[in-house]
Amino acid sequence: MPKAIDLHCDVLYQLSTRQQPTNFATDVTLQAGLPQLKQGNIKAQVFAIFVDESIPQRERYMEAIRQIELFQTQVLAQPEMIHITDWAQLDTLEEDQIGAILSLEGCDAIDGSLHKLQTFLDAGVKLVGLTWNYANAVAHGAQEDPTQGLTAFGREVVSYLNERQIIMDVSHLNEQSFWDVLPLAKHIVASHSNARAICDHVRNLTDAQAKALIEAGGHIHLVYNPPFIERDRTDDVSIDSLVMHYRHFVNLVGVDHLGLGSDFDGIEHTVLELQNSGQTPKLLEKLQVVFSEEDVAKIAASNFERFVRAI
Ligand SMILES: [Zn+2]
């Protein structure tokens, strides 16, 4: 099986919020800790900074900074983990190295400050989602009024992210924010979303969104969260059901713009036989039942590698 690039995990959130001290290098209860990433033959992993909405606004920035500190002291402290600050580094990783990429899942931590956003980019954040599920100073999230979109400050944020060659992540946006961002963003992905035609959930993309995203040069990375695969299901969701979403998108937009976006350590429930990053090869095996070996290699990593080479 080819090596894989995964565009979303929440291991930093776990390291930051668990009651018991958690060690990235050794903890077998993490879904995307070092042992699992190694076992899963992961070439590069995106680590999201995610600040829970229960944290008061005035404390959110420091919570995000704390997660960057954990990225440095726990993730980058491992000799195998290489911080990807320039996309060209993906091409020079050695066999036993794993690329570590930072993303910001929602701009809630910056409130109305471009200066705070600059701090995150200077720390190495390469992908930015404008919202999580709720509204903030920048845009409206997936669980908000679908007619409310990007704010005036949000437009400033998008143009600053373009200037800094940052990938915008539309996975958590509501529909209006998605349509507002699409023509403005230079580099755009949905890092962890599935097909709404198969599973009607606000976190999934409609066919119209998926087509427009690909026409704008974007990519879609599919998510392993059971309720986003089968409506209202948490248990007994199979890898085959996730493969249905890949089939749908391949028929709709082709195979060249798809990838992986597990959401490991950010999901309460898991797909059968896809319970942690170590089981990534099982997904690739199941994809090979319906797609060619070449196409599975594209989904696993090479589509995204091609995408970032153009940045
Ligand atoms: Zn998410």
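These legends go with a set of close-up views of a predicted model. Residue numbers start from 1 along each chain as its sequence is written, and side-chain values use heavy atoms, with hydrogens and water left out. Since the model is predicted, local features need pLDDT of at least 70 and side-chain atom pairs count only at pLDDT 80 or more, while totals for chains, interfaces and linings use all residues.

**View 1. The nonpolar cores.** The largest nonpolar core holds 84 residues. Inside this core, the members that touch the most others are F47, V128, L130, L213, Y246 and L283. Another core lies apart from it, with 16 residues, including W87, L93, V189 and A301. A core here is a set of buried Ala, Val, Leu, Ile, Met, Phe, Trp, Tyr and Cys residues joined through side-chain atoms within 4.5 Å; buried is under 20% relative accessible area, exposed is over 50%, and partly exposed is in between (1.4 Å probe, protein chains only).

**View 2. Y224 against F264.** There are ten aromatic pairs in the structure. For Y224 and F264, the ring centres are 5.3 Å apart and the planes sit at 80°, so this pair is edge-to-face. Y224 belongs to the loop between β8 (219–222) and α8 (239–253), and F264 to the loop between β9 (258–260) and α9 (280–290), so the pair ties together parts 40 residues apart in sequence. Y224 counts as buried at 1% relative accessibility, and F264 counts as buried at 0%. Rings of Phe, Tyr and Trp (its six-membered ring) pair when their centres lie within 6.5 Å, with planes under 30 degrees apart called stacked, over 60 edge-to-face and the rest tilted. Helices (H or I, at least four residues) and strands (E, at least two) are DSSP runs numbered from the N terminus.

View 3. Y13, F50, W132 and Y134 are linked into a cluster by ring pairs.

**View 4. The largest pocket.** This pocket has a volume of about 420 Å³. Of its 22 lining residues, W132, D263, G266, I267 and E268 are the closest to its centre. The lining divides into six nonpolar, nine polar and seven charged residues. On a 1 Å grid over the protein atoms alone, a pocket is an open set of points with protein on both sides within 12 Å along at least five of seven lines, a cavity is a set where a 1.4 Å probe fits but cannot get out, and lining residues have an atom within 4 Å of a point. Points are joined across faces, edges and corners, and the volume is the space filled by probe spheres set on them. Ala, Val, Leu, Ile, Met, Phe, Trp, Tyr, Cys and Pro count as nonpolar, Asp, Glu, Lys and Arg as charged, and the others, Gly among them, as polar.

**View 5. The largest cavity.** Its volume is about 30 Å³. I49, F50, V51, L104, E105, G106, D108 and A109 line this cavity, giving five nonpolar, one polar and two charged residues.

**View 6. Two aspartates with positive phi.** Most residues other than glycine have a negative phi. D111 has a phi near 50° and sits in the loop between β4 (98–105) and α4 (114–122). D263 has a positive phi of about 70° and is found in the loop between β9 and α9. D111 is partly exposed at 38% relative accessible area, whereas D263 counts as buried at 6%.
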